[in-house]
Amino acid sequence: MPAPERIAIVGLGLIGGSLALALRRSRPDTRILGIDVDPRAREQALEERAADATATLEDADFRECDTVVLCTPAQPLLDMLPGVAARMRPGALLTDVCGAKERVCTTAAAQDRVVFIGGHPMAGTEFRGFVAANPALFSRCTVALCPPVGAKDPERRREAILRVRDLWTACGADKLLDVEPDAHDRAITIASHLPYLAAAAVAQALLESDKDTVLARELAAGGFRDTTRLAGDGTVGGAAALNRFVPGAARALADRLRALAQDLEQRPEAALEQLALVADERRRMRMPAVAPTPPARARPR
């Protein structure tokens, strides 16, 4: 019988912890090494059997791993990638979950020791840490996968592609999209990063409303909650900061808001007509189905 696959997950927060739990549930024989700077996160991963062993980044033995998944925030992930690759077995798979792909894949392409495949699961919540992790987080989600870079051996690359696709399928992903890094970042600007910046701006407006803050919070209902939910996910900001398409998109959004404000003052009927057209178009958009909220997981006895 072949030896069980050995996977290291760097970062045991919401995404990394959920990945570990999902793999433990679907592939119980997989050997999982959980890596995190936080000793409590490492303890929790062991207590819930999400990992067979844990370590700090400095102490981790990556040469024993078939696959390493980087699940840390964006800038630390970018910084650690070359060092992790240098400590892995030649030809092994290195992948990630960062929401910005172009800079990460460019950095990974500068080495030729391991095969790197950039990944981005479209799943998450506004909650953080291993305590928020859930094995059902990736159920029915879409995962973007970039072409392999790094080690150029064709057989290793084919093996890495199969391995990363199997990884996300085992975690419950419903759709795997093959995308180029720059195409991913252009699309995710509109799909995720710009909505996050808009949500953060609206939330900041409430925080800075001074004398109106208390009343505004009392009057805030579903619209405010749904609009600003993304603002609670601080990890998106790190990915947006790595995305070269975001500043231009943010400036274009600011120009659009200024133009709308001017129309509301000077041509209110035309502004309302335009908003009605946008509302009609939005209702006609075909959007991905909302995945069910993952149920609370039971703690193992």
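I looked up burial along α5 and found A160, V164, L167 and W168 buried. Viewed down the helix axis, the buried residues of α5 fall within an arc of 85°, so they line one face of the helix. I note that the model is predicted.

I then checked the length of α5. The helix covers residues 154-170, and its 17 residues should span 24 Å at 1.5 Å a residue; the end C-alpha atoms are 24 Å apart, which agrees.

Next I inspected the two ends. At the start of α5, a side-chain oxygen of D153 comes to within 3.0 Å of the backbone nitrogen of E155. Just after the helix, G172 has a positive phi of about 110°.

I turned to the largest nonpolar core, which holds 36 residues. Those touching the most other members are I9, L19, L23, F138 and W168. At least two residues of this core come from each of β1 (6-10), α1 (14-26), α2 (39-47), β6 (115-117), β8 (142-145) and α5. The most is given by α1, with seven residues. Another core, of 31 residues, lies apart from this one; L70, A85, C105 and A108 are among its members. As a general remark, nonpolar side chains tend to be buried together in soluble globular proteins.

Finally, I listed the contacts of F138. Leaving out residues up to four places away in sequence, F138 touches I15, S18, L19, P121, A123, W168, C171, G172 and A173.

Notes. Residues are numbered from 1 along each chain as its sequence is written. This is a predicted model: local features need pLDDT of at least 70, side-chain atom pairs count only at pLDDT 80 or more; totals for chains, interfaces and linings use all residues. Side-chain values use heavy atoms; hydrogens and water are left out. Helices (H or I, at least four residues) and strands (E, at least two) are DSSP runs, numbered from the N terminus. The expected span of a helix is 1.5 Å times one less than its number of residues. Buried means under 20% relative accessible area, exposed over 50%, partly exposed in between (1.4 Å probe, protein chains only). The arc is that of the directions from the helix axis to the C-beta atoms. A polar contact is a pair of N or O atoms within 3.5 Å; within protein, one must be able to donate a hydrogen and the other to accept it, and residues adjacent in sequence count only if both atoms are side-chain atoms. A nonpolar core is a set of buried Ala, Val, Leu, Ile, Met, Phe, Trp, Tyr and Cys residues joined through side-chain atoms within 4.5 Å. Contact means heavy atoms within 4.5 Å.
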